[in-house]
Amino acid sequence: MKQKRLYPESKVELTPFIARNYDMLLKAASLGRYGSFVRRAIEAMDLKSGMHVLDLGCGSGYNAALMLPFLGPEGSLTGLDISIDMERQFRRRFQHYTNVNFKNQRIDIPFDLGKIYDVVFMSFVLHGFPHDVRGVILENVSRHLKPGGHLMLLDFAEFDIHRMPFLHRWVFTHVECVYAFDFVQRSWKEILSLYDFEYFSEKSFFKNYIRLLKAQKKEAFQEELRF
Ligand SMILES: C[S@@+](CC[C@H](N)C(=O)[O-])C[C@H]1O[C@@H](n2cnc3c(N)ncnc32)[C@H](O)[C@@H]1O
């Protein structure tokens, strides 16, 4: 079913066709390397048994399925997305799991699930929004993380588009949306510091064009000290 797009110049709100075939299209576009890349990124997240994970813009649940074995039966995963086609795939994939939940929830407006998590994961979602909307999303992230919990941001890294080899630049500027162009030029550790994150670490993929950026939400006692 076609849904109204709030950001027509972005590609983050997928068409039904792309949503239904998203995982397969990524595998084809990456010449089969997508699966091993995501697996390595998720291994690097250092997830532990019993952790509770919130996946914003969770898509079909492809990433969630790779995270679940690390979380074990005591852990849980909650996925949020607005695409009906993604929801259908996610629900089908996890129909026999009691520790996996899906909610049709916009992440670009303030919301409160009434619960806090050990990890908030976002994969190829944040770059697709205008910068002021990214701020709303980061406030949602912070609201749903335990003090000391982690944001795991799997997305484009920081780089200068003008210094990319011609072919890479051509692909990036023709495939990606305008919001990705400013995303890669921003200093994300500085931005995340403004949302109470610290202790950053990162792992790079695909010639440093993509990274997993880990950021820890400040502990409660540090928040209190600032006032
Ligand atoms: C590029 S896909 C990434 C999917 C998944 N995270 C992955 O890495 O496979 C972006 C996802 O964000 C979802 N999305 C777009 N806008 C959203 C919004 N405002 N609130 C929640 N999800 C949104 C889309 O439906 C889509 O599933």
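User: How do β4 and β5 pair, parallel or antiparallel, and over how many bridges?
Analyst: In this predicted model, strand β4, residues 117–123, pairs with strand β5, residues 145–156, in the parallel sense, and six bridges connect the two. Within that pairing, V120 has L151 of β5 as its bridge partner. Between the two strands the chain passes from β4 through helix α5, residues 131–143, and then into β5, which makes a β-α-β crossover that is right-handed.

User: While we're on α5, is L138 buried or exposed?
Analyst: L138, which belongs to helix α5, counts as buried because 22 C-beta neighbours lie inside 10 Å, where the cut-off for a buried residue is 20 or more. As a distance to check in your viewer, the C-alpha atoms of L138 and L126 are 9.0 Å apart, with the two residues twelve apart in sequence.

User: Which strand does β5 join through seven bridges, and which way do the two run?
Analyst: That is strand β7, residues 210–217, and β5 and β7 run antiparallel.

User: What else is M152 in contact with, leaving aside its neighbours in sequence?
Analyst: Once the neighbours within four places in sequence are set aside, M152 is in contact with M45, V119, F121 and L212, as well as with K214.

User: What about the β2 to β3 pairing itself?
Analyst: Strand β3, residues 100–104, runs parallel to β2, and five bridges join them; L77 has V100 in β3 as its bridge partner.

User: Which α4 residues are buried, and what do they pack against?
Analyst: The buried residues of α4 are D85, M86, E87 and F90, and the buried residues of this helix pack against α1, which covers 16–29, and against β2 and β3.

User: Which way do the β2 residues point?
Analyst: S76, T78 and L80 point one way from the strand, whereas L77, G79 and D81 point the other way, and all of them are buried. In a regular strand the side chains alternate between the two faces of the sheet.

User: Why does S76 count as buried?
Analyst: S76 counts as buried because it has 21 C-beta neighbours inside 10 Å. This residue lies in strand β2, residues 76–81, and, apart from its neighbours within four places in sequence, S76 is in contact with H52, L71, N99 and V100. For N99, which is 23 residues away along the chain, the C-alpha separation from S76 is 4.8 Å.

User: Switching to the ligand, how many residues surround it, and which are the closest?
Analyst: There are 19 residues around the ligand, and the closest are G57, G59, S83, I107 and S123. By class, this shell has ten nonpolar, five polar and four charged residues.

User: Which elements each supply at least two residues of the shell?
Analyst: α3, spanning 62–71, and β2 each supply at least two residues of the shell around the ligand. β2 is thus a strand to come back to, and six of its six residues are buried.

Conventions:
Residues numbered from 1 in each chain as written. Predicted model: local features only at pLDDT ≥ 70, side-chain atom pairs only at ≥ 80, totals over all residues. Helix = DSSP H or I, 4+ residues; strand = E, 2+ residues; numbered from the N terminus. Buried ≥ 20, exposed ≤ 12 C-beta atoms within 10 Å, placed from the backbone. Contact = placed C-beta atoms within 7 Å. Near = placed C-beta within 6 Å. Nonpolar A, V, L, I, M, F, W, Y, C, P; charged D, E, K, R; others polar. Pairing = 2+ DSSP bridges. Right-handed = clockwise from strand over helix to strand, strands pointing away.
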